[in-house]
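Thanks, everyone. Let me put the structure up, and then we'll walk through it.

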Amino acid sequence: MSNVLTIGWFETKRYLGDKVALFTTVVMPVLLVVLIGLSFGSTPDRLSIGVLTEDPGPAASEFTQQLESANLDVIDYTSQDDLARDIRLGFITAGLTVPAGFSAAADSPDGQATVTMSIDQTSANGGAIASAIQSAAAQFAEQRNAVRVATNALGTSDPAVADAANTSAQQVIASTGETTVDETTLGALNESDRNGFASAVPTQLTLFVFLNGLLAGMTLVESRRLGVSKRMLATPTGIGPHILGIGLGRWWLGGIQAALLLAIGALLFGVDFGNWGAVAVLAVVWTALAAAVGMLIGSLARTADQVVAISVPLGIGMGMLGGSMWPLSVVPPFMRAIAHATPHAWANDAWIAIIDGGAGVGGIATELLVLSAVTVAMASLAVFFLRRTLSK
Amino acid sequence: MADLVLDCRDLVRRFDSLVAVDGVSFGIGPGETYGLLGPNGAGKTTTISMVAGLLEPSGGTVTVLGQEITPRSTTAKGAIGLVPQDIALYPDLSARENLTFFAKLQGLRGSELATRIDEVLDIVGLADRAGDKIDTYSGGMKRRANIAVGMVHQPTLLILDEPTVGVDPQSRNAILESVDALSTTGMAVLYTTHYMEEAERLCDRIGIIDSGKLIAEGTREELVARLGDSTAVTFRADGPVEAVRGWRDDLSQLRTVSTVQPQEYGATVTCGHASEVVAGAFSAAEKRGVTIGGVDVTAPDLEAVFLSLTGKALRDGS
């Protein structure tokens, strides 16, 4: 056992002396977490809408006010081109054009008036702002209808009557009881506490700890190439302790990487990870799995280049498939089933259960069991193949 | 032979249809330096790999201090120190760190660890560069660090696999002096080389290995005595290729000549009566139109023994 610790400690020491490796292990994942967290961190409190008013009438002005009262940031535009450009650049969520003749149409006997809304197809908040605009338009129409009802009933077109009716309609609408619909998003039980980093930290942790674990195979290949492996085996050190030692070095490094990402997530970005016991157990099992797969690749590959050629596509591909780049909730059921052929999907399921569902170790027991079984299988295969390689 | 440190019995190693080591047996006593001498590809490294427990023998046994050595032996390997032919060190660590690493794998701890590391650094002359990374060392210094790692835990048996390959003469001499000094410590040493002069300088006994078989064994004197009164005579000859080839055939017909080894410019023969052979060689050369530009007559040595036993030179193995 002491030889395993010795090998593990020296592997860690060698790795910490490699500045490039440190960058990919520590700096890059943290940067990505920050970028992803900031990019998808949260829905803005107020959605912004650009309004191009081509109609000088009062109804157009009232409609714009209605948008503002619907909790939208209204930004005035004077050019269709400027409006379209800012939508595409994402400076505003949507654009609304109030055409010439809008007021006349709104005040006509049938009250049919049309505005044009533009949204970029990639906008994440397109649905939300469309809904807000529809709601504002409905309220505006309701108010105009009430005025029309009042003036028709009184049989007058006197502007003073119309104004009084309008004011009255506004007061009635404002005080009218409303039926509201509470929206609940499944899987987001702690929605109030959730921010973008709550997704970014665990998914990037899963992705990068695994990727770096795979690249640990380079250490094993290098150790063989240098003849150090054989020299170790000429000491009272068997193949099992040899692999365990090198894997242990990467296990520790994976642990450091995971701890760093979790600490940054919790302390800097305010992510509530819930049950820290479960978080620790999952992180330990995941880093062990990553190191074991790395050892398997290292025992099979002949050169460090081969390890890189295998690890990068495998690590990223499995991460994509397993829900480390987008949530599995957005993929079709058959892809979700396929995703669970990767350990990533099980790990990401466990992270969601811990962070969003408040699960403890018992709540992720199935996932831990699957991940542990994969770890043992990978480590056993690594010992088998390395023994075969070194006996040649 | 209960007092043997290393006892190899009928060692065989096959790689598919190739028999790399074929029934090799030898033993080494305490404080003895045993040389395994043979050309490249003779089976020296394969033999050493089995002795160090890196390779499973296809047949036969290796015991060190009475304990069998196989790839699965762990405790028994603590008695062995291996200096492989290639530099098997971490280039990004210093000599001291490499020594610490391997010494810890051998079970050294605390003050004993520190003391032994300082001692071996002194022995190999690297004390003043101990903190520098290996990849900043010259080839010779790397070789010396490689040796230091093998003996840091004071093994009962030290195995050195061609430790001077590719080093400059100065470093080579320093390495040989380090190995020579080990004989005073009581350490048994197994030393493989294809340099005859190294074997002659360092080894108490020598085993000559060729094509996987141990073909002779003994002290230098015992091995040379096998040649009887033989002398090695080297001729530098020049002439048409066919004429030189014919002249070499003539040499083999001369009385008392036991072997003829073609050289790039001439031939080396082992023979009983050098003067008679030299005269015959000149006579044959004249008839063939071959010019003899020089003659070296040397006393019998291991090179001549190897030539006599195998019909080929040590260096090229041909």
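Start with two helices in chain A. Ala278(A), Val279(A), Leu282(A), Trp286(A) and Leu289(A) sit on the α12(A) side of a contact. Facing them from α15(A) are Pro343(A), His344(A), Ala347(A), Ala350(A), Trp351(A) and Ile354(A). By class, that contact has 10 nonpolar residues, one polar and no charged ones. Keep in mind that this is a predicted model.

Now the geometry. Helix α12 of chain A covers residues 276-300, and helix α15 of chain A covers residues 343-355. They pack at an angle of about 170°, and their axes are 11 Å apart. Because of that angle, α12(A) is roughly antiparallel to α15(A).

Next, one residue. Is Ser223(A) buried or exposed? Ser223(A) is buried, at a relative accessible area of 1%. Its place is in helix α9 of chain A, residues 217-225. What does Ser223(A) touch, leaving aside neighbours within four places in sequence? The list is Val228(A), Ser229(A), Met232(A), His242(A), Ile246(A) and Tyr90(B).

Chain B has 318 residues, and 54% of them count as buried. Its secondary structure comes to 10 helices and 14 strands. The C-alpha atoms fill a box of roughly 75 × 40 × 35 Å along the principal axes. Take the contacts in chain B between residues at least 6 apart in sequence: 68% join residues at least 24 apart. Chain B exposes about 13,100 Å², with carbon and sulfur atoms supplying 47% of it.

Last topic: salt bridges. How many are there over all chains? The search finds 22.

Here is one in chain A. Arg85(A) and Asp82(A) meet at 3.6 Å, N to O. They are three residues apart in helix α4 of chain A, so about one helical turn separates them. Arg85(A) is partly exposed at 43%, and Asp82(A) is partly exposed at 30%.

Now two in chain B. Asp118(B) and Arg96(B) meet at 3.1 Å, N to O. Asp118(B) lies in helix α3 and Arg96(B) in helix α2, so the pair ties together parts 22 residues apart in sequence. Glu276(B) bridges to Arg255(B), with the closest N and O atoms 2.9 Å apart. That pair links helix α9 of chain B to the loop between α8 and β12. Glu276(B) is partly exposed at 33%, whereas Arg255(B) is exposed at 54%.

One more, as a network. Salt bridges link Glu11(A), Arg14(A) and Asp92(B).

Note on methods. Residues numbered from 1 in each chain as written. Chains lettered and ligands numbered in written order. Predicted model: local features only at pLDDT ≥ 70, side-chain atom pairs only at ≥ 80, totals over all residues. Heavy atoms only, no water. Axes fitted to C-alpha atoms, helices over the stretch in contact; angles between N-to-C directions. Helix = DSSP H or I, 4+ residues; strand = E, 2+ residues; numbered from the N terminus. Parallel < 35°, antiparallel > 145°, perpendicular 65-115°, else oblique. Contact = heavy atoms within 4.5 Å. Nonpolar A, V, L, I, M, F, W, Y, C, P; charged D, E, K, R; others polar. Buried < 20%, exposed > 50% of the residue type's maximum accessible area, 1.4 Å probe, protein only. Areas by Shrake-Rupley, 256 points an atom, 1.4 Å probe, with all protein chains shown as cover. Salt bridge = Lys/Arg side-chain N within 4 Å of Asp/Glu carboxyl O.
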